[in-house]
Amino acid sequence: MRFNPKARIDQSQIQTRRGGGGGGGMRLPIPGGGGGRGGQMGIGTILVIVLVVVLSQCMGVDIMGGGGSPSSGGDQTTANECQTGEDANQSDACAIDLFTTSVQNYWKQAYPEETGDQYDVVQTVRFEGSTDSGCGRASSQMGPFYCPNDRKVYLDKTFFDDMLEGQLGAAGGPFAIGYVVAHEYGHHVEDQLGVLGKIRTQKGPKSDAVRVELMADCLAGVWAKGAQETRDQDGQAIIEGLNQDDIERAINAAQAVGDDRIQKRSGGRVDTDSFTHGSAEQRVRWFNKGMSEGTIKGCNTFATDNL
Ligand SMILES: [Zn+2]
């Protein structure tokens, strides 16, 4: 795929920030067994930590509300250089922005058609370093997440750099960025649908947490199906030449973040009782279901036990 060079990024949907000094910050939970084994952390270990943290934070640290610590300040809003599809073809940061435009323009149209309600356009905060969020301090180590308290998607560029270099076990490619952006906006769609308020069980193969994550994967698939027809504010195509290889790359990214894959990478044993996002196979299956059915209704993971 490539972006239509003339497509325009909707800058009103994006905030770019560079984090101020260390302030507050969150301790990284080290997954099982970490810490014990000598001082040296291999790159593999670091990546596993990053991934586990990405997953555990994907829904935001404070999903049930209550607002995190506002803290520190010192964040600088930076000028956004990204304007067009041309920019997005050349820079991953700009690609994040144009995918945001694509995903939200898709839902602006599709959400009312299916639900009869308006879709609330929200903002992506694209940051480097760390920044404040309604769910506490967001840092690069946390990876992408949606914060329901301030209804914003937080994306740090470092995560995508790692993903595109294949360090997270995904094959990379621009459409993999699209998958991640669309997954996070899937949580915003769930928020609007009232699904996030239904989370009671946080862990396990049939937990509400897993259902919410698989539904977000499915909603990412719904967007993927409509991505090539989605237009910018001027009615111009955004994504061109989407092919099976692009889809495979999105699927590959979904697999790489399956709980079983991460557990294998971190220690070797797959423990379904601690699943929070679903297995690689489940994540891909729900993404594909979204892509083939193309409806929110088809993504109702709460209506089935066949996850
Ligand atoms: Zn998620």
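**Entry 1: disulfides**

I began with the S-S bond of Cys 82 and Cys 94: its torsion is about -75°, so this disulfide (a pair of cysteine sulfur atoms within 2.5 Å) is left-handed. The model is predicted, so I kept to pLDDT of at least 70 for local features and 80 or more for side-chain atom pairs, while totals for chains, interfaces and linings use all residues. Residues are numbered from 1 along each chain as its sequence is written, and side-chain values use heavy atoms, without hydrogens and water.

The sulfur atoms of Cys 82 and Cys 94 are 2.1 Å apart. I placed Cys 82 in the loop between β3 (76-77) and α2 (85-90), and Cys 94 in helix α3, so the bond ties together parts twelve residues apart in sequence. Helices (H or I, at least four residues) and strands (E, at least two) are DSSP runs, numbered from the N terminus. Cys 82 has 4% relative accessibility and counts as buried; buried means under 20% relative accessible area, exposed over 50%, partly exposed in between, with a 1.4 Å probe and protein chains only. Cys 94 is buried too, at 6%.

I searched the whole structure and found three disulfides. Cys 135 and Cys 147 form one of them. Its torsion is about 90°, so I noted it as right-handed. Cys 135 sits in the loop between β5 (130-133) and β6 (136-139), and Cys 147 in strand β7 (residues 145-147). Both Cys 135 and Cys 147 are buried.

Cys 218 and Cys 299 also form a disulfide, with sulfur atoms 2.1 Å apart. This link is left-handed, at -75°. It joins helix α6 to the segment after α9, across 81 residues. Cys 218 has 0% relative accessibility, and Cys 299 has 0% as well. Counting bonded cysteines along the chain, I read the pattern as 1-2, 3-4, 5-6.

For Tyr 179 I listed contacts (heavy atoms within 4.5 Å), leaving out residues up to four places away in sequence. Among them are Asp 217, Trp 223, Arg 283 and Phe 287.

**Entry 2: whole protein**

I noted nine helices and nine strands. Of the 307 residues, 52% count as buried.
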